[in-house]
Amino acid sequence: MALMLGGGGLVAANVYASATEGWGDGSGTNGTGQVLSAGMATIDCPDVGSRLTAVPDAARPGVDRELALLDRQTADAYRQLQQSGRADEQGSGSVDDTIMNPLKEKRAAAIGRIIDAIDGAGEHPQGLDALAACSLRPGGDGAQATATPSPGAQPGGAGQGGNGPVVSDYADITSVPPAEPNPPQQADASRGSFTSDCGVNANGLFNSDNVIVAPGVSNGAHHFHDYVGNQSNTAFASDDDLANADTSCVDKGDKSSYYWPVLRLQNGTQERDAGSPGGGTEGNAGQIVTPKQVTLTFTGNPRGKVTAMPRLLRIITGDAKAFVNGPGNANASWSCTGHEDRQLKDKYPLCPPGSDVVRTFRFQSCWDGRNIDSANHRTHVAFTAPDGSCPAGFRAIPQLVERIVYDVKAPSLQDGGRTVPLFAVDSFPEQLHKPVTDHGDFINVFDADLMRQVVDCINSGRTCGPDGGNAGTTASPTASSGSGTTASPTASSGSGTTQQPGATVTATAAPTPSAAQPSEEPRTDATTTPGRAATPDRRTTAPSDGTVKRDRGPKRHQAPQQGGSTEPAPSTPTPTSSPRPGSAQSEPSASTSAQATPAGYVPPASAQPQPQGTQGALAETGAHLWPAALGTLLAMSGLIMLLRARRLRY
């Protein structure tokens, strides 16, 4: 009897211990037996890049490399913090000595090199030295954590990667106030629209690079992006690579690159990036969801005509670091089909049954008339004022509105997403997958003729699409959206009027769902088909080391002047000798063919995603099960001895 009881106890203890390992059981542990806090502590570092509004061209390659290094230093420190367990269970001196002070020293060295690079080009930046120190933000979302987790929520609420999302990151879309009416358009408004159909990334083109922010740096984004349109966008793509690339767009004159962080289901699925930088090693875990629909619409301005976008114009909308930077540049919106007059800025939507999640980006629609990029990737473009006017010296350009629809169910918050999984966008690890960090990137690679058609269509009030579709439809000059209504992406719903970043919850009229495009494939609900992630032709670039490589592209900082400007455009150096702005030095031509492939891995058709655990190896799992095996053996021995004793007795 003693053997039986002892063996049973070992079995029960081991089963309980196994049930508290990893993420998928809802324990919220970090694999070491330490429970993660409901709001994981994070590292708040000043964003040096946003302070650099003017960097000489000669200094840009070195500056961009150091800015990417600063991001990697923060990500490494955050992972170190996460692995050490809950920060509030350690002495503050320990965290300072092992994480925060070394991080400050590394950042100070990198910032010093940035200062030297800019100073060497003839300008001395001011105030950068003060940006080296970072602070440790305690667990909890502060002002953003307004919702109280349900009693049955997953303990810890730290998500599959251990760094979010949490229950308070979601809100019922029906509780959001509807939009206010858009301001009326003026008589000279450009009321037309042009829609480009570039698919939904069904071929699975992903990477964790960002050629705009970190050119020439592998894993410069520290999270994975969906790409539609241009098929050659990697960190090492030159302007010529982008211009000569294939495109997923129906109109082959549009080779523009449209990309955004992937959306994942926190369902334990092991994607191919589960062990890669930018993926699972940085807290971006779970099944990548292919959009159900992507609509890319260029709209006009409510006050006047628009002018053509310059070729290779780069625009970033939103802020990937808004959780620590604050919401000043946040600009993504979340809603649900049938409820798009209600928009969320800092929460993921909980959609009613039968309604899909909608993610919307409205890009800056004013251009400085000179630069295709800027040192902080923001000052060369601007949002319109509430009345649709552009800042002094800026001109109106077509506004890109991206509408991305996902067939995902509202997660089961009462049990922390165990019944119906949580969903969240990829993020920098220390940004905790907050919806306020969502962002979109765009590089204009329209043919000149097609861009002229876009401008003409918008300015003449027509509704146009791929290959001139619906080119004869003219928008009504009086059409505008009102409160509680849903505006078509091609209707004149005040599309040139863009909400300024910084609003916490803003409701704006949004496009209604349109019919599925011919290039889109039907699919079933992502929450019930985990195998869908293994699309045979899915291509994933999984950076391995975050190393810096050199760009071989041409150097371009300024667009040719338009509209009678007398300032000459800079000459374009040969592609093999000068880097694109912000990139590193030219790369030997021997690597050209290798980098022409946008994403070098094509998985076999038989590849299927597997459940993603936190402890990994089968041998390790077996090592954890030996107490249960021993307990079972002891229990069986006790039972045999008991039966023999009974036979001897009788």
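Predicted model: local features only at pLDDT ≥ 70, side-chain atom pairs only at ≥ 80, totals over all residues.

Started with helix 3. At 1.5 Å a residue, its 24 residues should span 34 Å, and the end C-alpha atoms are 35 Å apart, so the two agree. I take the expected span as 1.5 Å times one less than the number of residues. Helices here are DSSP runs of H or I with at least four residues, strands are runs of E with at least two, and both are numbered from the N terminus.

Residues are numbered from 1 along each chain as its sequence is written, and side-chain values use heavy atoms, with hydrogens and water left out.

Is helix 3 mostly covered or mostly open? Mostly covered: 18 of its 24 residues are buried. Buried means under 20% relative accessible area, with exposed over 50% and partly exposed in between (1.4 Å probe, protein chains only).

**Second largest pocket**

Helix 3 turns up again here, as it gives the most to the lining of the second largest pocket, with 6 residues. The definition I used: on a 1 Å grid over the protein atoms alone, a pocket is an open set of points with protein on both sides within 12 Å along at least five of seven lines, a cavity is a set where a 1.4 Å probe fits but cannot get out, and lining residues have an atom within 4 Å of a point. This pocket holds about 590 Å³ of space, the volume being the space filled by probe spheres set on grid points joined across faces, edges and corners.

I listed 38 lining residues, and D47, D71, V213, D319 and K321 lie nearest the centre of the pocket. The elements giving two or more residues to the lining are helix 2 (48-51), helix 3 (60-83), strand 12 (314-318), helix 6 (322-325) and strand 21 (439-443). By class I get 14 nonpolar, 15 polar and 9 charged residues. For the classes, Ala, Val, Leu, Ile, Met, Phe, Trp, Tyr, Cys and Pro count as nonpolar, Asp, Glu, Lys and Arg as charged, and the others, Gly among them, as polar.

**Cores**

Which residues have the most contacts inside the largest nonpolar core? Y258 and F298, in a core of 55 residues. Helix 7 (residues 448-459) gives the most to this core, with 6 residues. Another core, of 16 residues, lies apart from it, with L52, A59, I111 and I115 among them. A nonpolar core is a set of buried Ala, Val, Leu, Ile, Met, Phe, Trp, Tyr and Cys residues joined through side-chain atoms within 4.5 Å.

Strand 19 (residues 399-406) next. I find 8 of its 8 residues buried, so the strand is largely enclosed by the rest of the structure. Q399, V401, R403 and V405 are on one side, L400, E402, I404 and Y406 on the other, and both faces are covered.

I looked up its partners, counting two strands as paired if DSSP finds at least two bridges between them. Strand 11 runs antiparallel to strand 19 with 7 bridges, and T295 stands opposite R403. Strand 15 (residues 357-362) is also antiparallel to strand 19, with 6 bridges; there T360 stands opposite R403.

I find an open antiparallel sheet of 3 strands in the order 10-8-20. Strand 10 (287-288) and strand 20 (423-425) stand at the edges with a single partner strand each, so one side of each has no neighbour in the sheet. Strand 8 (residues 263-265) is joined to strand 20 by 3 bridges, and L265 stands opposite F423.

**Last look: G253**

G253 sits in the loop between helix 5 (239-243) and strand 7 (257-261). I count G253 as buried because its relative accessibility is 9%. G253 and F446 are 193 residues apart in sequence and 5.8 Å apart in space, C-alpha to C-alpha.
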